[in-house]
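Keep the structure open while reading.

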Amino acid sequence: MTLEATSPEMAERSNARWRSPARLLRRVFTKRWAPFAALALLSILSLGARVPWVFDSRTQSPVFDEVYYVNAARVILGHPAQPPYSQATPRKDPNEEHPPLAKILIAGSIWALGDRPLGWRVPSLAFGTAAILAMFWLVRSAGGSEWLAVGSSAILVADNLFLVHSGIATLDIFVVFFMLVGAALYLSDHPIAAGVAIGVGACTKTVSLYLILVLLLYEILAFRGRPRANHDDGPGARIGRLAGCTACTVTSYLGLLWILDRMVSTFKDPVSHTSYMVGYHTRILDPNLGGPGITSSPWQWLFNQRPIPYYTLVKTVGNGQRRYAVFFLGKISPFVIWLAVPAFVLAAIAAWRQRDRLSMVVVAWCVGTYVPFVVLGRQHISYLYYMLSVLPGIYIGVARLFSGRYLPKAFTVVYALALLYGFQEFYPLKA
């Protein structure tokens, strides 16, 4: 009798034990602070994954294009430099095919922290972490939920190409940060500040200027959307907002470039420097177009073709086999790029049929940053890592796939595990 009477109670208690963690998890996820705590945790974990590259004895040599930008920073400081700039004029930026701002930031870090990997890479570590926060801000500014913003930031953190470039002294992470900030400011109805951010970003790498095309496409898509009650969202206001942003972009870019050139360049004015940069990149043709090498066409980027081994170090284990001890690979996470096309298609459908604002951002970003490479990059040298400026739109689009609108939540869990697997598989520092 006693056993029979207590069996249902025991079963209920057992079920309650299983239900309690799920209830607790649901309670945590519904807290107002939960997405911000998750974002903070993501940022800390991402920074923690990149910091070891600064101190690991195996990564004390320049990684990939660090050989250009670190040595350019040394020349700017008047320090002895190594090839390719060992004979450059002291205190003048020898890397004139790119604007000088990012190299000046690296030079400032070297001056403060010493000519060592810590000094080379701290700016990229800082801007890479800030880019995670900027991604969150962009999604929220475009009307996405807090958890969708966290998901977009999580995909950015897990992507190998972002991971590598946010920990080495190259230019791309700087411009990605400023583009994210510029877009977030514009969508938050701060077009003047957005123009300044885009212009400053263009002084790190001119690809930032593609964001003006992104915003133009966004306004075109949004114009056919449902009008808001606010009369300021009419066509005149949209044109004025975009024109103001564009004017501030051009003014801040030319003004800041003029100041920087007077500090570290031989160019007399920013227009001549810009003309030189445009001419430099359009004159260089790819001699291996379609053949072997690390260069690739924009169409190949969508298939993750032509990854670039940035820096490798091989060790021999006890049985005589050779394994990677360090492998910095310039390659997009396959779990991100494989979903780029379906994510874009679904976003385009939602932008057209549902007039979803975030979907418009995805479409405008992907088209506005990718198509210029297709149009301008025919027969010209281009590399897979150029996709870094395109990827924010893809990150958001992929996050939308797993937001519950298209796929059950179980798929989100599986995808998160796949991202974690890809993260550890491509992580540069091996055991």
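Which backbone oxygen lies 2.9 Å from a polar atom of the side chain of Ser208? The backbone oxygen of Ile198 does. The model is a predicted one, and every value below is computed from it.

**Ser208 and its surroundings**

Ser208 sits in the loop between H10 and H11. With a relative accessible area of 0%, Ser208 is buried, because buried means under 20%. Apart from neighbours within four places in sequence, Ser208 is in contact with Val175, Met179, Ile198, Gly201 and Ala202. Leu180 is 28 residues from Ser208 in sequence, and the C-alpha atoms of the two are 9.7 Å apart in space.

**Lys205, in the loop between H10 and H11**

Lys205 is placed in the loop between helix H10 (191-202) and helix H11 (210-223). Is Lys205 buried or exposed? Its relative accessible area is 11%, so Lys205 counts as buried. The side chain of Lys205 makes a polar contact of 2.7 Å with the side chain of Asp172. Not counting residues up to four places away in sequence, Lys205 touches His98, Pro99, Leu171, Asp172, Val175, Tyr385 and Tyr386.

**The second largest pocket**

Lys205 also belongs to the description of a pocket. The second largest pocket has a volume of about 1000 Å³. It is lined by 38 residues, and those closest to its centre are His98, Lys205, His281, Ile381 and Tyr386. Two of these names, His98 and Tyr386, are also among the residues that Lys205 touches.

Which helices each supply at least two residues of this lining? They are helix H4 (66-77), helix H9 (172-187), helix H13 (270-283), helix H14 (298-301) and helix H17 (357-376). H13 gives the most, with six residues. Sorted by class, the lining of the second largest pocket has 24 nonpolar, ten polar and four charged residues.

**The largest cavity**

Rolling a probe the size of a water molecule over the atoms shows where empty space is left. A search of the whole structure finds one cavity of 30 Å³ or more. The largest cavity holds about 40 Å³ of space. Its lining consists of Ala183, Leu187, Val214, Leu215, Tyr218, Val361, Ala364 and Trp365. H9, H11 and H17 each supply at least two of the lining residues. By class, the lining of the largest cavity has eight nonpolar, no polar and no charged residues.

Ser382 lies in the loop between H17 and helix H18 (391-401). At 4% relative accessibility, Ser382 counts as buried. A polar atom of its side chain lies 2.5 Å from the backbone oxygen of Ser296. Leaving out residues up to four places away in sequence, Ser382 touches Thr295, Ser296, Ser297, Pro298 and Trp301.

Ser141 is found in helix H6 (residues 117-141). Ser141 is buried, with a relative accessible area of 9%. Beyond its neighbours within four places in sequence, Ser141 is in contact with Ala184, Leu187, Ser188 and Arg357. One of these contacts, Leu187, is also named in the lining of the largest cavity.

Leu302 lies in the loop between H14 and strand S1 (308-316). How does its accessibility class come about? Setting aside neighbours within four places in sequence, Leu302 is in contact with Ile337 and Tyr370.

The table lists C-alpha distances for pairs of residues that are apart in sequence.

| Pair | Separation in sequence | C-alpha distance |
|---|---|---|
| Ser208 and Leu180 | 28 residues | 9.7 Å |
| Leu302 and Leu339 | 37 residues | 9.8 Å |
| Ser141 and Leu358 | 217 residues | 8.9 Å |

**The chain as a whole**

The secondary structure of the protein chain comes to 19 helices and two strands. Of its 431 residues, 51% count as buried. Among contacts in the chain with a separation of 6 or more, 72% are between residues 24 or more positions apart. The protein chain exposes about 20400 Å², and carbon and sulfur atoms supply 66% of that area.

How values were computed
Residues numbered from 1 in each chain as written. Predicted model: local features only at pLDDT ≥ 70, side-chain atom pairs only at ≥ 80, totals over all residues. Heavy atoms only, no water. 1 Å grid on protein atoms, 1.4 Å probe; cavity = no way out; pocket = protein on both sides within 12 Å on 5 of 7 lines; lining within 4 Å. Points joined across faces, edges and corners; volume = space filled by probe spheres on them. Helix = DSSP H or I, 4+ residues; strand = E, 2+ residues; numbered from the N terminus. Nonpolar A, V, L, I, M, F, W, Y, C, P; charged D, E, K, R; others polar. Buried < 20%, exposed > 50% of the residue type's maximum accessible area, 1.4 Å probe, protein only. Polar contact = N/O pair within 3.5 Å; in protein donor to acceptor, adjacent residues only side chain to side chain. Contact = heavy atoms within 4.5 Å. Areas by Shrake-Rupley, 256 points an atom, 1.4 Å probe, with all protein chains shown as cover.
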